[in-house]
Amino acid sequence: MKPYQIVMGVALVAAAGLVLFGDNSPSGDIAEPVARVRASAPAAAVPVPASRASRDAKPQAEVAILRLTPRAMLVGESGEATFASGEGVFLGQNWNPPPPPPPPKSAVNVPPPPPMAPPIPFVVIGKAVADGAWEVYLSRADKTYVVRNQTVIDGTYRVDRIAPPLMSVTYLPLNQVQQINIGVLD
């Protein structure tokens, strides 16, 4: 037998001993009945047991059980209350969150941010020095471009300067300069 099986067996025997030889006598506390108050009867007419009155120094709140509402009042005489009619127990419930509050007046007068050039859509394939001038090989989708200084690509980008590890290009529609990392000198 394994040690944990021995421990489990001892625990089982101990639990069985507690069930068989443990104290099964009921407790000696007495449960007192609750005094019911009629809605029409005054509170002073309800007798409070003496033992409870001595224990509880706080005044007790009056408890009343209301009459049941007739079904005809809840769903109508025909018994066919609808959700759209707004009557009866089955009223519609809107669980959508409330709409966001309107923006503050000061935020409304803020001008929109200036337009920005999109991220550069080219991937650098490589670079080389030809006749003392740098050439950079770029790719976009299925096209490959060989660019040098002052080369215009698709009418939207112009190469301004090639100086490894960076190449400066200008986005022509907004005249904004961007840089591409082309790697260090080889």
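Modeller: A patch is built from residues with over 30% relative accessible area and no salt bridge, and nonpolar side chains are joined within 5 Å. Keep in mind that this model is predicted.

Colleague: Which residues make the nonpolar surface patch?

Modeller: Met1, Ile6 and Val10 make it, and the patch covers about 370 Å². Methionine 1 sits in the segment before helix H1 (3–21).

Colleague: What makes methionine 1 count as exposed?

Modeller: Its relative accessibility is 83%. Exposed means over 50%, so methionine 1 qualifies.

Colleague: How do you know that H1 is hardly covered?

Modeller: Buried means under 20% relative accessible area. The count of buried residues among the 19 residues of H1 is zero.

Colleague: What span is expected for H1, and what does it reach?

Modeller: The expected span is 1.5 Å times one less than the number of residues. For the 19 residues of H1 that gives 27 Å, and the helix reaches 27 Å from its first C-alpha to its last.

Colleague: What else does the chain contain, and in what order do the elements run?

Modeller: There are four helices and seven strands. From the N terminus, the order is α-α-α-α-β-β-β-β-β-β-β.

Colleague: How many salt bridges does a search of the whole structure find?

Modeller: Three. One of them joins arginine 148 and glutamate 135.

Colleague: Why is the contact between arginine 148 and glutamate 135 called a salt bridge?

Modeller: The cut-off is a side-chain nitrogen of Lys or Arg within 4 Å of a carboxyl oxygen of Asp or Glu. Here the closest N and O atoms are 2.3 Å apart, so the pair passes. Arginine 148 is in the loop between strand S3 (143–147) and strand S4 (152–153), while glutamate 135 is in strand S2 (residues 133–140), so the bridge ties together parts 13 residues apart in sequence.

Colleague: Are these two partners buried or exposed?

Modeller: They fall in separate classes. Glutamate 135 has 9% relative accessible area, which is under 20%, so it is buried. Arginine 148 has 40%, between the 20% and 50% limits, so it is partly exposed.

Colleague: What makes aspartate 154 and arginine 140 a salt bridge?

Modeller: N to O is 2.4 Å, and the limit is 4 Å, so the pair counts. This pair links distant parts of the chain: aspartate 154 is in the loop between S4 and strand S5 (157–163), arginine 140 is in strand S2, and they are 14 residues apart. Aspartate 154 is partly exposed at 41%. Arginine 140 is partly exposed at 25%.

Colleague: And what is the N to O distance for aspartate 160 and arginine 158?

Modeller: It is 3.0 Å, which is within 4 Å, so this too is a salt bridge. Aspartate 160 has 23% relative accessibility and arginine 158 has 26%. Buried needs under 20%, so both count as partly exposed.

Colleague: What is the bridge partner of arginine 158 in S6?

Modeller: Threonine 170. S5 and strand S6 (residues 166–171) pair in the antiparallel sense over six bridges. Two strands pair if there are at least two bridges, so S5 and S6 meet the rule. They belong to an open sheet of four strands, ordered S4-S5-S6-S7 with antiparallel pairing.

Colleague: Why are S4 and strand S7 (176–181) called edge strands?

Modeller: Each pairs on one side only.

Technical notes
Residues numbered from 1 in each chain as written. Predicted model: local features only at pLDDT ≥ 70, side-chain atom pairs only at ≥ 80, totals over all residues. Heavy atoms only, no water. Buried < 20%, exposed > 50% of the residue type's maximum accessible area, 1.4 Å probe, protein only. Patch = residues over 30% accessible without salt bridge, like charges linked within 9 Å, V, L, I, M, F, W, Y side chains within 5 Å. Areas by Shrake-Rupley, 256 points an atom, 1.4 Å probe, with all protein chains shown as cover.
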